[in-house]
Amino acid sequence: MAMSSIRSALARAFIAPKLRAPHRFAATAAAGETQPERVAAEMVRYALGGAVHRSSPEEAMRILEQGASNLQGGGEGSSEAVGLLMLAMSTLLYRSGRRQDAMEKLKASQQVAPSASFRVAAWEALMGLHMEAGQDMPHSISPNDSVDLSIKDDSQWSDQDHLKFRVNAIKGLIALLNGDTESAQLFVDGCRDFAGCKHQTENAAVSYGEYLHCVGDFPMATQVYESVLEAARMEDMSGNLLAAGNMVPEEVSLGATCSYGQLLSQSGNFGDAEDYLTRALQKGEEQFGANHPKVGIVLTCIARMYKLKAKSEGSSSIMVQEGLYRKALEVLKAPAINSEGTSKQMDWRDIISLARGEYAELLLIQSNRKAEGERMKEWAEDTWRNRRLTLAQALEFSEPSKQTVVVDTRIGRVL
């Protein structure tokens, strides 16, 4: 549909919301949706879907901002509609490489808080971006911490089990990053009943699966990953507009696919592992482009799969692994080993350190490249910041245990 057609359709919806309800809205409207919400949903799908391919992010942002302006104070459903548009704005900012601006937009959107579900979704996305940025956070953090006192009402979300699951899953993920596996277990206890991906809990289910994966419970982690992937196949997850940033359905699907591929490779099922990791690579390229950091993260996981496969078969795949690590580091825009200031803020630090650590191991077994390998190993060890595992532990895998490495593509971190 041309830009002018979209604008005309939206303008007509704004002008006469009671007189006409376009047929195309009916299929996407959930029970209880109002006309402003349906209009906002259409705008979000356009701005985050076709618009990113057919017009600039700036143009898509103007559409969302104009919609929010028109819907502000427009009666029943207007606050929910504006909330949806603000979440979409934060996602657009994030996809444009403006993570800090996306975080500020999410903080502002929390003050709108038209519902408990909205508040949790905005908080979930904000925490996801904090984690991706490598910022320290206490796992005691709550959706209420950044909300104005006048609109705080803890019972709004904590009395709803599916929302509590989503909150606890994020807290568990933070605890894992903080190296506190015991606290992570406390948060995910009771999650088993909500891992069936109902009430838009797929994102939380991925986090729960990753916790199980990290502590070596491969059978249960398998069940959780498969339930998420089955939900993605059977349902239109894109219909979940109460999500933002790196916690949107596309990221959830990519994350579940890649994490399951890692589990399969660590289980010695290399045929299926290659299948799922290839799917993850295709998803990443289709959603973000071939040179996006998320693609570099998946390439790192594929290279690690080939390492495990070679070790299992007593074969060698040095050239394949090296090619994958070099491409991954290129896509991740890894700083030069001899560059200054690498100990400071660096995007994708976990993944770059892991990839360089793995790459160094390949170089160290080649007599003519040992010196290069030593420099790379030293760099990787100096930049490694994981609190649960040392780099040496992350590089070595023998069997499922409480020291299993999981790479989370959503937040670009090593758990």
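The lining of the second largest cavity consists of three nonpolar, one polar and five charged residues; Ala, Val, Leu, Ile, Met, Phe, Trp, Tyr, Cys and Pro count as nonpolar, Asp, Glu, Lys and Arg as charged, and the others, Gly among them, as polar. The structure is a predicted model, in which local features need pLDDT of at least 70 and side-chain atom pairs count only at pLDDT 80 or more, while totals for chains, interfaces and linings use all residues. Residues are numbered from 1 along each chain as its sequence is written, and side-chain values use heavy atoms, with hydrogens and water left out.

**Cavities**

The second largest cavity is lined by Leu-176, Leu-177, Asp-350, Arg-385, Asn-386, Arg-387, Arg-388, Arg-413 and Val-414. Two or more of its lining residues come from each of α10 and β2 (413-414); helices (H or I, at least four residues) and strands (E, at least two) are DSSP runs numbered from the N terminus. The whole structure holds two cavities of 30 Å³ or more. A cavity is a set of points on a 1 Å grid over the protein atoms alone where a 1.4 Å probe fits but cannot get out; a pocket is an open set with protein on both sides within 12 Å along at least five of seven lines, and lining residues have an atom within 4 Å of a point. Grid points are joined across faces, edges and corners, and a volume is the space filled by probe spheres set on the points.

| Space | Volume |
|---|---|
| Largest pocket | about 640 Å³ |
| Largest cavity | about 70 Å³ |
| Second largest cavity | about 30 Å³ |

Gln-262, Ser-265, Gln-266, Leu-277, Cys-301, Arg-304, Met-305 and Leu-308 line the largest cavity. The largest share of this lining, four residues, comes from α16. By class, the lining of the largest cavity has four nonpolar, three polar and one charged.

**Largest pocket**

The largest pocket has a volume of about 640 Å³. It is lined by 24 residues, of which Arg-95, Ser-96, Gln-287, Phe-288 and His-292 are the closest to its centre. At least two lining residues come from each of α4 (51-54), α6 (78-95), α14 (249-266) and α15 (270-288), and α15 gives the most, with four residues. Eight nonpolar, seven polar and nine charged residues make up the lining of this pocket.

**Packing of α10 and α12**

Helix α10 (residues 161-177) packs with helix α12 (residues 202-214) at an angle of about 40°, with the axes 8 Å apart. Axes are lines fitted to C-alpha atoms, for helices over the stretch in contact, and angles run from 0 to 180 degrees between N-to-C directions. In contact (heavy atoms within 4.5 Å) are Phe-165, Arg-166, Ala-169, Leu-173 and Leu-176 of α10 with residues of α12, including Tyr-208 and Tyr-211. This contact of α10 with α12 has nine nonpolar, one polar and two charged residues.

**Confidence**

The mean pLDDT of the protein chain is 83, and 81% of the residues score at least 70; pLDDT is the predictor's confidence in each residue, from 0 to 100. Confidence is lowest in helix α2 (residues 23-26), at a mean of 30, and highest in strand β1 (residues 407-408), at 98. Over residues 1-32 pLDDT stays under 50. Where pLDDT is low, the predicted coordinates should not be read in detail.
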